[in-house]
Amino acid sequence: MPQEESMRQCKQGAQHQQKHEEVPEKAEEKHEGLIEFHNSYRELFQFFCSNTTIHGAIRLVCSKKNKMKTAFWSVLFFLTFGLMYWQFGILYREYFSFPVSLNLNLNSDRLTFPAVTLCTLNPYRYSAVQKELDELDRITHQTLMDMYNYNMSVTQSDWAAQYTHKRSSRSLFHYVQRHPLRRHKRDNPAIVEENNPPVDKSDWKIGFLLCNEKSDDCFHQTYSSGVDAVREWYSFHYINILARMPSTKDLDESNFESFIYACRFNDVTCDKANYTHFHHPIYGNCYTFNDGNSSLWTSSLPGINNGLSLVVRTEQNDFIPLLSTVTGARVMVHNQNEPAFMDDGGFNIRPGIETSISMRKEMTLRLGGSYSDCTEDGKDVPVQNLYLSRYTEQVCIRSCFQLNMVKRCGCAYYFYPLPSGAEYCDYTKHIAWGYCYYKLQAEFKADILGCFRKCRKPCKMTEYHLSAGYSRWPSALSEDWVFHMLSQQNKYNITSKRNGVAKLNIFFEEWKYKTNGESPAFTVVTLLSQLGNQWSLWFGSSVLSVAELAELILDFVVITCILSFRWLRTWHETASTMPPPGGHDNTDFQSEVSGPSTPHRFTVEAVVTTLPSYNSLEQCESNRDAEMGLQ
């Protein structure tokens, strides 16, 4: 028995030695693999800290025998990482805010002269609406007489002299009475004055009544100034009269020669090909010079002699004094293919004065897309452009109001273009449009309609900065011969000659213009540079160090997946080898008696054992001889 035990131990030692001889071969095969992964997280981090180029990582391995130093360097290492990525967050936030830098350039080139619109400042008594206007003047005369005891002298036409009050009661008078002009208390609008005007007028405001279709909801459109109230009330009825005209061509009674006495650009006389005419309800006949229909004017030199020079007539003759309370002309400088909004950008010139306007051109180029909310051509703005011009912010805002006017009130405001399929507001057809209009205007100014949010600025804008100078024209010594020449050439026969004409000069102040452009202040190159600066500041490493860190993360993920897979496989094998609960293994109790037809089958198992090496056998033989000698 001892000999058999000794031989068994000898064989086990030989097999153990053989296994140790096979380990280097397996290690060599593992070393020669295509992809190498670490066996544990500890081995992974030790390898990374020992071989990385990131500063400070090696201290985590070298000081592992000193727990205090290891803790210190671990806290410092991860704190540095946190601070660095905090700076990264600030840089990314600045990058995605899309900041811009302003670039200022001065350009010297031949300048394209802008468009210039000139209006008479006096609505004309057009023959197509002469009867209605005379009737409105009589009603206004009576209203001023009742409210202010003012006897207004109204020059009536021959037709108006034959027009009876009975006829008025059947036409305009009925609609005017629906919107009466009244005076009421400032602190209590419900208190309306009686027929007798109050003695103390300081506590009273004046306005006109506006009601809805059912007349169950009314309000007073009031004004602190009686002049403004009368002018707005008259304008409201005047617009209703103009809206009845089938076409604006019926109002076209332009007489260029009676308004423009002289026109010259670059010392060349202007002709009819250089201007276009349109009618404005308040400012009367308007003329636009250099609007782009013909060849554009260009200025090769600055100065008053290289611009536009006009002599205009400013006398009021057969106009409507209740609409226009000033004398002179209204001028606006704007770009070609842009409408002239005389209320927004216009200015007045005085009679008997030479007004010299010097211009400085300035262009603004904005970055679109993520850098600003500007629009290139307005096609991405959710508002239909009702003007036959290119997109501007004012064009969009007015179009937005007009579209809301048609939608809410059922008709279009006469001051703005007419949308397709709509008609202008007229209280003979739309009884309560005035009530709807003033309510809508209050919502528009409060931006409840959202027009100011919808309409964005254009990415490319051209502006003209104006400076004005004034002088008396003509002078006291030259007025005699100047007025004599005007009377001979232009049939100028006004009694108050000095208040009947004005001169206007518009020119470029200098032969250069300024361009304000935008460029990205934080590009991808700038971002990468800033990130590299922060990485070098906190770790003193390079792009390859970032690749090492990415490799660490990848290895960590792979090891996690491998360990998870091994754990799942072990758990599955353990669960499959366990017998089901309540089950019994009856294989040992099966009958060994086979049927007569079933042949006997035998199973032969071959066991192949690796022979031990010669040295191990020799050692085992020596051990056996020694044991026999002892016996």
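Leu322 sits in the loop between β12 (308-313) and β13 (329-334); strands here are DSSP E runs of at least two residues, helices are H or I runs of at least four, and both are numbered from the N terminus. Leu322 and Ser235 are 87 residues apart in sequence, yet 8.2 Å apart in space, C-alpha to C-alpha.

## About the model

This is a predicted model, in which local features need pLDDT of at least 70 and side-chain atom pairs count only at pLDDT 80 or more, while totals for chains, interfaces and linings use all residues. Residues are numbered from 1 along each chain as its sequence is written, and side-chain values use heavy atoms, leaving out hydrogens and water.

## Two helices side by side

Now look for helix α4 (residues 67-96) and helix α16 (residues 524-539): their axes come within 10 Å and cross at roughly 165°. Axes are lines fitted to C-alpha atoms, for helices over the stretch in contact, with angles from 0 to 180 degrees between N-to-C directions. So α4 is roughly antiparallel to α16 (over 145 degrees; under 35 is roughly parallel, 65 to 115 roughly perpendicular and the rest oblique).

Which residues meet? Among those in α4 are Phe77, Phe81 and Tyr95, while those in α16 include Leu527, Trp535 and Phe539; contact means heavy atoms within 4.5 Å.
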